[in-house]
Structure formats: structure tokens, C-alpha cells
Amino acid sequence: MLKLSRLARRASALALALVCFSPVAASAATITAHGGELHATFSYGGSFPIATHPLLSISRSGRLVFRRVVTSSICENRCWPSIFVGGSSLRVVSLNAAGPDVVVSLYSGGAHCCFVDEVYAPAGSSYVKSQYDFGDPGARITVLRHGEFPVFLSADDSFAYAFTDYAASGLPLKVLAFRHGHFVNVTRQYPTQIAHDASQWWSAFAAQKSSHYSDSVGVFAAWAADEYLLGHASHVKAVALAQARAGHLNSALSPINPSGLRYVSQLERFLSREGYGR
């Protein structure tokens, strides 16, 4: 079976998390982060992957301004801190001009789910929480262009299982910024990164094609999505039709998940529904 380094890295993400967080009973643990006059503390108990009594405290210039139980929409107050995606599970970082903000990264547990980032943004004398479920790929906070604020670099988890099983699914690039208290999809603003991602997915598809791999539709979908973001929808359709007629767009789950020309039609509908055609 063809092994693809990028897919392997993503599929092994959970295994890495398990290494980082071995299921050893913990009476209590504390994580701290600093940035200028801001000091944040995240304390919790329990055993991996279920946390107990997760508590976030934020102090400004030595004065406590925020203290709340950490909850999430996907695992309530039982999420475990996640560190493997982007460094520490607790960070003080300015995501926009109104910062600095406090970011808490959480893991819900489970075979293919879920990594949530919570941003606690300044609001008057206190802080307001916003959260985003990045699903299985998680996110890394990084600066993609010099002089800009950091963004959340991730992949689009909606492609997981969309055309095949998880191991053979391709997840195209996804970039979110945090602006005015909301997570905003800004992927299209980074064409260089999109083009690089598309190139990687096309190389993976070409390798599958040359080896007559029986499950190429997931990887091709990720390439198609990146190309749509670059404004190349017509090119994608022409390539998809040619590859389908040549017998290179196959699903190991056929007929449940279509192959060939039926797959091309399904892919177009999916990309439109997910907003890639705009």
C-alpha cells in the first residue's frame, strides 16, 4: 500500500498526543504563560484524557481580572490540555491590535477528534471567550507574512471521510485569523501557501496514479480544493474529467463512495457547498 508522508503525519497525530499525555493519574497540574503585564495560569486535575476542575486565571499587572472554569462545546469541562499541535497549551499572544489575548488549546479525546482553541480576548476590565473546533488536524499559531499578526494554520477537517476513509482522506489548507472577537477564514489571502499545499497534494496523487493505488479520490479532493481557492475551478474540472476517463479517480469504498465521473460530480457539489466556489 502506498504510504504518503503527509497523510501519515496527520494520521499519527493522535498517537503523538498519547505519547505527550500518558494516562497517569494527576492530582493537580498547572501551566503558566506570560506576555508583558499579562500572566495566565491554567490548572487542572484528573487523568488523560479526562480533566477535572480546569480553571483559567488571568492577571494584569499583578491584579486578578479573570477566573473561570474552562469549558468547551465538545467536551464541557473535561477537555485535556493539548500541546503537540503548536507548542504550549496556554499562550499569551496578540492576535490583533486589541491584544494581547490568552489562547487555551484543548483536546477532547477520541480516535479522530477533536482539538479546540479558545481565545480569551480583552473586553474592558475582563476577558471574553471565543472558541473554534479544528477537528482532528488541530491548529498551529504562527506568522505567515512578516509584519502581520499571527494566524491559526490548520487544514479543513470537513474533507475527512467526505470521499473515503480517514486514512486516505486529504485535508486542504485552512487559515483562520482572530478579528473583532471572531475566528475568520482568511485562507484565500495566502496564495503562496495554498499553491505549496496544492503542489504537495498533486505530488501525492501522481504517486498514487503511477502505483495504481485503489483509493485516490481523497487526495485529489484536497488538491482540487486548494486550486479552487486560487481561482482555478475550470482547470480543476478539466483535469478531473481527464483523470476520471483515464481511470485514475478511484475509491476503495465504491460503490458507497463513487469513483470516476460520478465522483467528479460529487466533488463539484461538495466544493460548492463548502464555500470553495466563491
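This is a predicted model: local features need pLDDT of at least 70, side-chain atom pairs count only at pLDDT 80 or more; totals for chains, interfaces and linings use all residues.

Biologist: Which peptide bonds are cis, beginning with the one from F48 to P49?

Modeller: The bond from F48 to P49 is cis, with omega near 5 degrees. A cis peptide bond also joins G99 and P100, where omega is about 10 degrees. P49 lies in the loop between β2 and β3, while P100 is placed in the loop between β6 and β7. As background, most peptide bonds are trans.

Biologist: What makes the phi of H53 worth a remark?

Modeller: The phi of H53 is near 50 degrees, which is positive in a residue other than glycine. Most residues other than glycine have a negative phi. H53 belongs to strand β3. Y161 also has a positive phi, near 70 degrees, and lies in the loop between β11 and β12.

Biologist: Why is H53 called exposed, and why is Y161 called partly exposed?

Modeller: The relative accessible area of H53 is 70%, and exposed means over 50%; H53 is therefore exposed. Y161 has a relative accessible area of 48%, which falls between the limits of 20% and 50%, so Y161 is partly exposed.

Biologist: How do you know that helix α4 is largely enclosed by the rest of the structure?

Modeller: Of the 13 residues of α4, 13 are buried, so the helix is largely enclosed. Helix α4 covers residues 217-229 and reaches 19 Å from its first C-alpha to its last, close to the 18 Å expected. Just after α4, G231 takes a positive phi of about 85 degrees.

Biologist: How many aromatic pairs does the structure hold, and why is the pair of Y44 and W80 called edge-to-face?

Modeller: The structure holds 23 aromatic pairs. The ring centres of Y44 and W80 are 5.2 Å apart, and a pair requires centres within 6.5 Å. Their planes stand at 75 degrees, and an angle over 60 counts as edge-to-face, so the pair receives that name. The pair links distant parts of the chain, with Y44 in strand β2 and W80 in strand β5, 36 residues apart. Y44 is buried, with a relative accessible area of 11%, and W80 is buried at 5%.

Biologist: Which residues do ring pairs link into a cluster?

Modeller: The cluster consists of F159, F163, W202, F205, F220, W223, Y263, F270 and Y276.

Biologist: Why do β10 and β13 count as edges of the open sheet?

Modeller: The open sheet has 4 strands in the order β10-β11-β12-β13, with antiparallel pairing. β10 and β13 each have a single partner strand, so one side of each is left without a neighbour in the sheet. Neighbouring strands of this sheet are turned by 35 degrees against each other on average, direction ignored.

Biologist: How do you know that β10 and β11 pair?

Modeller: Pairing requires at least two bridges, and β10 and β11 have 3 in the antiparallel sense, so the two strands pair. R140 stands opposite L153 in β11.

Terms used: Residues are numbered from 1 along each chain as its sequence is written. Side-chain values use heavy atoms; hydrogens and water are left out. Buried means under 20% relative accessible area, exposed over 50%, partly exposed in between (1.4 Å probe, protein chains only). The expected span of a helix is 1.5 Å times one less than its number of residues. Rings of Phe, Tyr and Trp (its six-membered ring) pair if their centres lie within 6.5 Å; planes under 30 degrees apart count as stacked, over 60 as edge-to-face and the rest as tilted. Axes are lines fitted to C-alpha atoms, for helices over the stretch in contact, and angles run from 0 to 180 degrees between N-to-C directions.
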